[in-house]
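Subject: A structure for you to look at

Hi there,

Here is the structure I promised to pass on.

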Amino acid sequence: MKDLTDVIMNPVRQRISQYLILNKTGTVNEIANELSDVPRPSIYRHVKRLLDAELIEVVEEKQIRGVVEKTYSLVHPKTDEFTNSDIALLIQHSLMSIAGNFAQYFKNEKADPVKDMLSVSTSTLLLSDAELMEFFGKIGNVYNEVIQNKPR
């Protein structure tokens, strides 16, 4: 599982996965056009890493001017294959990644957390299962409103 979390926790691979979540499928060219701030060779490298980890799969191949263009989609893992230890490790890696992102942010001399509206919070929520599912639905709606925003 450690190797899998290393694959998942990379910001570029997360953005590639997000692209595939939103668009269902994509070629390297389509992904590279969307992630225009990431060099194309880097996109190829990250796609290969996701493919090797069996997190994405080739769903179509087309011959275009002597080159095979592959279309990728996410592989949807069976959640019952994960143990509690696997999930705990994934959460720990996620938290360490967040801490690393904050550390990287504050290394920049021009970092301005007030201007950038940087914040972190925690809360204890006392909800029934139905209330929690409703809450997740509302959060999902908020994300859906902004998830397709482009870098600016």
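Predicted model: local features only at pLDDT ≥ 70, side-chain atom pairs only at ≥ 80, totals over all residues.

**The core**

Let's begin inside. The largest nonpolar core has 17 residues, and those touching the most other members are I16, L20, I31, I43, V47 and I56. At least two core residues come from each of helix 2 (11–23), helix 3 (28–34), helix 4 (40–52) and strand 3 (67–74). Helix 2 gives the largest share, with four residues. As background, nonpolar side chains in soluble globular proteins tend to be buried together.

Setting aside neighbours within four places in sequence, L20 is in contact with T25, G26, I31, I56, Y72, S73 and L74.

**The strands**

Next, look at strand 3, which pairs with two partners. Strand 1 (residues 26–27) runs antiparallel to strand 3, and two bridges link the pair. Here T27 has T71 of strand 3 as its bridge partner. Strand 2 (residues 56–64) is also antiparallel to strand 3, this time with eight bridges.

**Towards the surface**

Which residues form a nonpolar patch on the surface? They are F82, I87, I91, L95 and I98, and together they have about 440 Å² of accessible area. F82 sits in the loop between strand 3 and helix 5 (84–107). Is F82 buried, partly exposed or exposed? Its relative accessible area is 30%, so F82 counts as partly exposed, the class between under 20% and over 50%.

Finally, back to helix 2, where you will find L22. L22 is partly exposed because its relative accessibility is 28%, which lies between the 20% and 50% cut-offs. Leaving out neighbours within four places in sequence, L22 is in contact with I147 and Q148. L22 and Q148 are 126 residues apart along the chain, yet 8.2 Å separates their C-alpha atoms.

Enjoy exploring, and write back with any questions!

Best wishes

Technical notes:
Residues numbered from 1 in each chain as written. Heavy atoms only, no water. Core = buried A, V, L, I, M, F, W, Y, C linked by side-chain atoms within 4.5 Å. Buried < 20%, exposed > 50% of the residue type's maximum accessible area, 1.4 Å probe, protein only. Contact = heavy atoms within 4.5 Å. Patch = residues over 30% accessible without salt bridge, like charges linked within 9 Å, V, L, I, M, F, W, Y side chains within 5 Å. Areas by Shrake-Rupley, 256 points an atom, 1.4 Å probe, with all protein chains shown as cover. Salt bridge = Lys/Arg side-chain N within 4 Å of Asp/Glu carboxyl O. Pairing = 2+ DSSP bridges.
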